[in-house]
Amino acid sequence: MPRVHRPAVVTAVAVAAGLLAAAPATGGEATVSDPHVVAHLQFARGESPENIALEPDGSADLTLSNARQVLNVTRQGRTRVLATLPEVANPHTPVVGSAVVLGIARAQDGTLFVNYATGTAATGVWRVPAHGGTPRQIAQLPPTGFPNGLALDERRGVLYAADSVLGTVWRVPRAGGAPTAWATGAALEPRNPRPAAKVGANGLRFHRGAVWVSNTNAGTLLRIPVRENGSAGAIETRATGLYALDDFDFVERHRDTALAAMTGGSEVALVRPDGTHRVVLTPGDGLSNPTSVAVRGRTVYVTSAAYFTRKDPNLLLARVHQRARD
């Protein structure tokens with residue numbers, strides 16, 4: 001999530017160690033090694049990378065929240081701006097005040113979809129042509145909300161967007177049109193931590209027939225089954241105690257094992273299918289308020305937005321070793 005007006009979560013970093021009680025690694029568990037920063041960005045220019053979509057060539061498409069841009073970064077660190085979301089007059093976005101671009105999803109044909117939060121009628125899902133170009137709004141979401149994580153179910157042709165303020169998962173036709181409040185409930189709603197901002201449903205992934213959502217204030221990872229008719233099943237809590245949890249992704253050969261970005265403590269945790277977790281990346285590896293994770297094969301990508309440290313927003317790559325299936 002972007003920088004909030006209040007100097008929030010970083011003050012509670014010391015609490016993180018207690019909340020992230022770690023169980024020892026087991027023989028078949030995925031491990032992470034060789035972290036290295038491939039691209040350093042500039043906080044003063046609004047270049048806080050918020051979310052990731054991966055290209056077939058291994059490059060990463062990042063949303064730069066405060067710059068309102070989509071940026072392609074190669075594995076060698078070369079950068080190219082793919083699109084800039086239009087400036088909005090007098091934005092009054094919940095949580096942050098300014099207009100910000102947040103979640104991103106990529107279709108198989110290369111089309112990119114992003115969430116744009118402005119506090120105006122421009123709030124919603126926007127489409128960016130393959131290889132870059134002029135963005136176009138395809139669905140309007142409530143300006144009182146904060147559309148954050150975004151995922152595409154290619155088979156059904158729908159997008160899911162997590163609203164951090166309204167505690168809602170929206171469902172939007174890929175072609176555009178009216179959104180549907182697909183899932184709601186207390187598990188998705190923000191809470192009122194002190195002194196952090198109220199941010200509920202945040203990161204979102206479509207994984208193995210279900211929509212998975214993180215709740216930042218609650219520190220929970222949730223699973224919502226997609227029924228045969230496309231409706232939402234009951235919300236399941238799959239992990240707790242994940243301090244300032246933002247976005248996440250799954251380790252491919254380990255079914256429901258996730259790597260999760262925890263913004264406040266500048267850490268990434270490996271979350272096991274049974275909900276236990278352990279920290280695998282820290283500020284010492286180059287993290288600076290990480291916001292999202294993407295995994296492909298043996299490579300894990302992590303964005304650091306530096307929202308609270310205000311130092312060294314970046315893209316970090318590491319190796320993920322997948323020894324066995326959970």
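A: Among contacts in the protein between residues at least 6 apart in sequence, 52% join residues at least 24 apart; a contact here means heavy atoms within 4.5 Å. The model is a predicted one, in which local features need pLDDT of at least 70 and side-chain atom pairs count only at pLDDT 80 or more, while totals for chains, interfaces and linings use all residues. Residues are numbered from 1 along each chain as its sequence is written, and side-chain values use heavy atoms, with hydrogens and water left out.

Of the 326 residues in the protein, 59% are buried; buried means under 20% relative accessible area, exposed means over 50%, and partly exposed lies in between, with a 1.4 Å probe and protein chains only.

The salt bridges come to 11, each being a side-chain nitrogen of Lys or Arg within 4 Å of a carboxyl oxygen of Asp or Glu. One of them joins the side chains of E29 and R278, at 2.6 Å from N to O. E29 belongs to the loop between α1 (13-19) and β1 (31-40), whereas R278 is in strand β21, so this pair ties together parts that are 249 residues apart in sequence. Both partners are covered: E29 is buried at a relative accessible area of 4%, and R278 is buried at 16%. The R278 side chain also has a polar atom 3.4 Å from the backbone oxygen of A30.

A further pair is D249 with R205, whose closest N and O atoms are 3.8 Å apart. This pair also links distant parts of the chain, D249 being in strand β18 (residues 245-250) and R205 in strand β14, 44 residues apart. D249 is buried, with a relative accessible area of 11%, and R205 is likewise buried, at 17%.

The side chains of D256 and R208 meet at 2.7 Å, N to O, in another salt bridge. Here the partners lie in loops, D256 between β18 and β19 and R208 between β14 and β15, and they are 48 residues apart. D256 is buried, its relative accessible area being 13%, whereas R208 is partly exposed at 46%. Salt bridges with shared partners join R208, R223, E236, R238 and D256 into one network.

R208 is in the loop between β14 (201-207) and β15 (210-215), and its phi is near 50°, a positive value in a residue other than glycine. Most residues other than glycine have a negative phi. V95, which is not a glycine, has a positive phi of about 75°; V95 is in the loop between β5 (79-84) and β6 (100-106).

E154 is in the loop between β10 (147-153) and β11 (158-163) and is partly exposed, with a relative accessible area of 29%. Its side chain makes a polar contact with the side chain of R174 at 2.4 Å. A polar contact is a pair of N or O atoms within 3.5 Å; within protein, one must be able to donate a hydrogen and the other to accept it, and residues adjacent in sequence count only if both atoms are side-chain atoms. Neighbours within four places in sequence aside, E154 is in contact with A107, Q108 and R174. The C-alpha atoms of E154 and R106 are 9.7 Å apart, although 48 residues separate them along the chain.

Residues up to four places away in sequence aside, L281 touches V32, P35, S266, E267, V268, L287, V302 and L316.

Note on methods:
Helix = DSSP H or I, 4+ residues; strand = E, 2+ residues; numbered from the N terminus.
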